[in-house]
Amino acid sequence: MITRLTERRGVAIWTLVLLLGGTALATFLVLMLYQNIVAREAEATKDVFRVVEVDDRTVDPAVWGKNYPRQYDSYRRTVDTERTNHGGSEAFQHLDKDPVWRRIFAGYGFAVDYREERGHAYMLQDQRETERVTKLKQPGACLHCHASVMPAYIDLGLKAGVPAGKENWEAQIQKGFEEVCKMPYSDATKLVEHPVSCIDCHDAENMNLRVNRPAFLTGIRALADSDYATPHLPSIERWRRDGRQGQYEPNIHATRQEMRSMVCAQCHVEYYFKGEGKLVTYPWSKGLKVEQMEAYYDEVGYKDWTHKESGASALKAQHPEFEMWSQGIHARSGVACADCHMPYVREGAIKVSNHHVRSPLLNVAQACQSCHRIPEKEITARALLVQDRNAALLRRSEKAVVDLIDAIVSAQKSGASDVQLKAPRDLQRKAQWRLDFVSAENSMGFHAPQEAARILAEAIDYARQGEIAVARDAK
Amino acid sequence: MAEPVSKTHLYLLVGLACTLGLFGGLGTYTFTYARGLSYFSNDPRACMNCHIMREHFDGWQKSPHHAVATCNDCHTPHTFFAKYLSKAENGFWHSKGFTLQDFHEPIMIRPHNSAVLQRNCVSCHEQIVDGIDTHPGNPDRMLDCVHCHREVGHGPIR
């Protein structure tokens, strides 16, 4: 009897202890939930932390990072190295991967060193280290896009006599730009210390997007002045409709959505160094298509170099992402560079744009799925299909261009004259420009698949026409 | 004869009463602070209490259905029991996802919720669409209305 009572009491006590513990744990969890809700609410109300003052001269992104820690954290991730099927951010040597390019670039710096570009964080270091700069002489013009160069431009502009004050800001930049472009690279590079940073896209006062690269401003105004249709840049069409008053001002006329492409278009474009002053210039006055830029180069009589094997006046395509994107369906649908390359990410209760600029293929969910509501695997497969087809056409075009070079070289050996070889060399220039345009563009055709295929079809056609011309004219 | 209550027993009972009170009080406070009652309502603002649905709410305000349908009209079943069961089930996953921050981005509707949505399209539009043999939840047999009419609920998307 006594034992049973004790046992029952024991059970009752343990039940009580368990109940007490359970309730205490539940209470603890409720408090944690409360804490979590409070934290999320706070996140939603405060996303900027003004702990330091930044202005137009604050180049160092780490200083801005104190005010904008979320954006800065992702910006710093551009050091990451990741390979995609056709590119990525690993500095592999194109010349070893595809040796035909040693021949296509014969006599030019890119035949010496043609490494895949790494992430934004490395742009200045990689430029200082490439053998195109260390073994060959380059101008300060290169810094226009490889460094956070605005304060240096402004300083030199002021030194050259442009009046001080914010109202003369653009004139100061333009003058300093002209000064730096003609300096030797080795001197000019001492004026800068950071790769692309916050002030290159943002106004320090209000964080608005802003473009200030002088070559872009000149280029986009030339484009606006032309009659080239820009359905993907509606503010230009509006400015034209309104009677083309004054000059087109992207910082005033462009919508925020357009600016989310234009800040990138400050550098991800085709360009050349104009004249003795080596002024960085975007060839857009006739339009953004490959043949329109070619017509511009033909008109001003420009060549990047004389091909060492064939003697053709060759052009080097740079990285015409903006121009290629302009021909594609995404641009036409109003999708900006930043929509796919800097998609919004949620951090707790707020959304910030991801400043880790990289291939959307490495981040398909955030980059593509907000519009394309199909499984990630399917999206990736579709993108790779586009790129693989483009790569196949690209290999075929390389072969055609190299065949033409071979034909010209062999005709030269058999004593063909410059007059006889004029047509084949001109055709090589045309074919090679188109091939390089698609090859150097960083999307393996994805930014505008049909346009890339059209360009490569023309490249093959011109190359084979060139071979026919050799056979016909240089017997 | 009543059994004497031991001291341990008594302490435990008092302790239990206290923690139960604390649990009740803190629970009610948290529930109120988190606007718990709003989730029983039909007010669309309740759906963006946690900020995730802010864009969806914004889009809905600019959409053609703004004047005629709220979130619940399209996204929960129209019968009492099924509606609150659906609210409870989705509410649980939403709370879990938002608290632990472990959900897929961008958020996507799950198949059974998609079927609910499809039934609700038909429920209002049946007079016009009764000739169309729809198969809620089975897009292989018949595409859902929103496959083409994507913008009716949340406004234009890019």
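Author: Helices (H or I, at least four residues) and strands (E, at least two) are DSSP runs, numbered from the N terminus. The model is predicted, and local features need pLDDT of at least 70, side-chain atom pairs count only at pLDDT 80 or more, and totals for chains, interfaces and linings use all residues. Residues are numbered from 1 along each chain as its sequence is written, and chains are lettered from A and ligands numbered from 1 in the order in which they are written. With these terms, α21(A) is followed by Gly415(A), whose phi is positive, near 90 degrees. Chain A has 23 helices and 6 strands.

Reader: What makes His51(B) partly exposed?

Author: A residue is buried if 20 or more other C-beta atoms lie within 10 Å of its own, exposed if 12 or fewer, and partly exposed in between, with C-beta atoms placed from the backbone. His51(B) has 18 C-beta neighbours inside 10 Å, and therefore counts as partly exposed. His51(B) lies in the loop between α1 (7–33) and α2 (54–61) of chain B, and has a positive phi of about 75 degrees although it is not a glycine.

Reader: Why is Gln101(B) called exposed?

Author: Gln101(B) has 12 C-beta neighbours inside 10 Å, so it counts as exposed. Its place is in the loop between α4 and α5 of chain B. Gln101(B), a residue other than glycine, has a positive phi near 55 degrees.

Reader: What makes the bond between Glu105(B) and Pro106(B) worth a remark?

Author: The peptide bond joining Glu105(B) and Pro106(B) is cis, with omega about -10 degrees. Pro106(B) is in the loop between α4 (80–100) and α5 (111–129) of chain B. In general, most residues other than glycine have a negative phi, and most peptide bonds are trans.

Reader: What makes a set of residues a nonpolar core, and which members of the largest one touch the most others?

Author: A nonpolar core is a set of buried Ala, Val, Leu, Ile, Met, Phe, Trp, Tyr and Cys residues joined through C-beta atoms within 7 Å. The largest has 100 residues, and Tyr153(A), Val180(A), Val401(A), Leu404(A), Ala431(A), Leu456(A) and Ala459(A) touch the most other members. Helix α21 (residues 376–413) of chain A gives the most to this core, with 9 residues. Apart from it lies another core, of 8 residues, including Cys340(A) and Met444(A). Buried residues are 41% of the 475 residues in chain A.

Reader: How many residues does each chain bring to the contact between them?

Author: Two residues are in contact if their C-beta atoms, placed from the backbone, lie within 7 Å. Chain A brings 31 residues and chain B 26 residues. The largest share of the side of chain A that touches chain B, 19 residues, comes from α1(A). That side divides into 18 nonpolar, 9 polar and 4 charged residues, where Ala, Val, Leu, Ile, Met, Phe, Trp, Tyr, Cys and Pro count as nonpolar, Asp, Glu, Lys and Arg as charged, and the others, Gly among them, as polar.
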